Amino acid sequence: MQHRIVVLGAGYTGAIAAGRLAKRLRREDVAITLVNAEPDFVERVRMHQLAAGQTLKPRPLSEMFAGTGVELRLAKVTGVDVDRKTVAVVDANGADVTAPGSGAEELAYDTLVYALGSGWNAQGVPGAAEHAYEIAGRPGALRLRERLARLDAGQTVVVVGGGLTGLEAATEIAEARPDLDVALAAGGGLGDWLSPKGREHLRKVFGRLGITVHEHVPVTGVEADHVVTADGTAIPAAVTVWTTGFAVHPIAKATTLEVTGTGQIVVDGTMRSVSHPDVYAVGDAAMAMGPGNKPLRMSCASGTPAAWQAADAIAARLTGGKLPNAPIRYFNQCVSLGRREGLIQYVTADDRAMQAVLTGRLAAVYKELVCKSAAWGVANPTLGLPTRRRRVTREQAAAGSAVKAPA
């Protein structure tokens, strides 16, 4: 009987995990099912480009996984029962799950890889959900794209949030639409986590693009035509773009999995749930610890090596191989500042800014190569290196939960 592996979500981490497992295990021994609501792989790190009007290369998942042995199931996940080891799904067309022939189904698994990721986080700010636009996924980016296209010259776009997403969104929109009045509202200082050289370059680019910066002004309310800051100031905004962080998919929190207060699944060093050994979590959905005993941040930089770690750990446990024990660390933060400018901030292993930075056109090229490499890595989950599919042993498949994981 085949060992059933179900992977939920085909973003960077889920797609990599599914593809890497298919390279590690014999097809006769495993049935790998990848569940995703959209037919295409979405380059989430490019959503600010999509919103600004650029055309992205389509990447159909059916082509990406053709001939790999991975079964692609286009469906929405509606629930997970980790005690019964089943996943409830409904056809991706959104049919009523209670109607006959709706496509509602349960998928049984022996091993589950949870990679449902995250969406935007309104942070409970009044009016944000009703009036703001987000770019955490393709639907939101397309909605913002359509709205920006209808703006007249001179109208104001306010990007709320001074993190990486906010910086990229503000500069991309300002470069694509120099006729608009683009502003950024940040709760802290502009790029205050960067090195002095990084902050200096950021201010130069913002100045060159004509972006107004409102620093140390937490936004406490959003209306149809303005945002309100903590001191009561109203900043005009024909369009408000919300980039203040991410919230994980709520499904995990509704299960008996051990999760954090924010709903992330608590995992060990192999990305395995600490409460349910047949469940692994990768990407934004996982609470994993990195260097300095600090939680890994929600990012492609964390998710990709976590997906490698999880896939290799699953394969090792099923085949009696050696468990991976490669610590996940950071090297740099890559920020696109429009198509012609960029900022590469080099960081310590635990993600603290170092003095060294790369700026300008070379940094923009570097960031573009990183984005292209990330997409290439999804289609090439073992990075082009030769692999050997190993046999799953019945004993290992049955006793996998008893294998001790590295901390």
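Predicted model: local features only at pLDDT ≥ 70, side-chain atom pairs only at ≥ 80, totals over all residues.

## Ground rules

Buried here means under 20% relative accessible area, exposed means over 50%, and partly exposed is in between (1.4 Å probe, protein chains only). Residues are numbered from 1 along each chain as its sequence is written, and side-chain values use heavy atoms, with hydrogens and water left out.

## Around E43

At 6% relative accessibility, E43 is buried. It sits in the loop between β2 (30-36) and α2 (47-51); helices (H or I, at least four residues) and strands (E, at least two) are DSSP runs, numbered from the N terminus.

Leaving out residues up to four places away in sequence, E43 touches Y12, R59, C371 and A375, where a contact means heavy atoms within 4.5 Å.

## Cysteines

Disulfides (pairs of cysteine sulfur atoms within 2.5 Å) number zero across the whole structure. For C300, the nearest cysteine sulfur is that of C371, 8.3 Å away. C300 is partly exposed, at 25% relative accessibility.

C334 is buried at 16% relative accessibility. Its sulfur is 8.0 Å from the closest cysteine sulfur, in C371, which is too far for a bond.

## Confidence

Mean pLDDT (the predictor's confidence in each residue, from 0 to 100) is 93 for the protein, and 94% of its residues reach 70 or more. Over residues 96-100 the pLDDT is below 50. Residues 400-407 also stay under 50.
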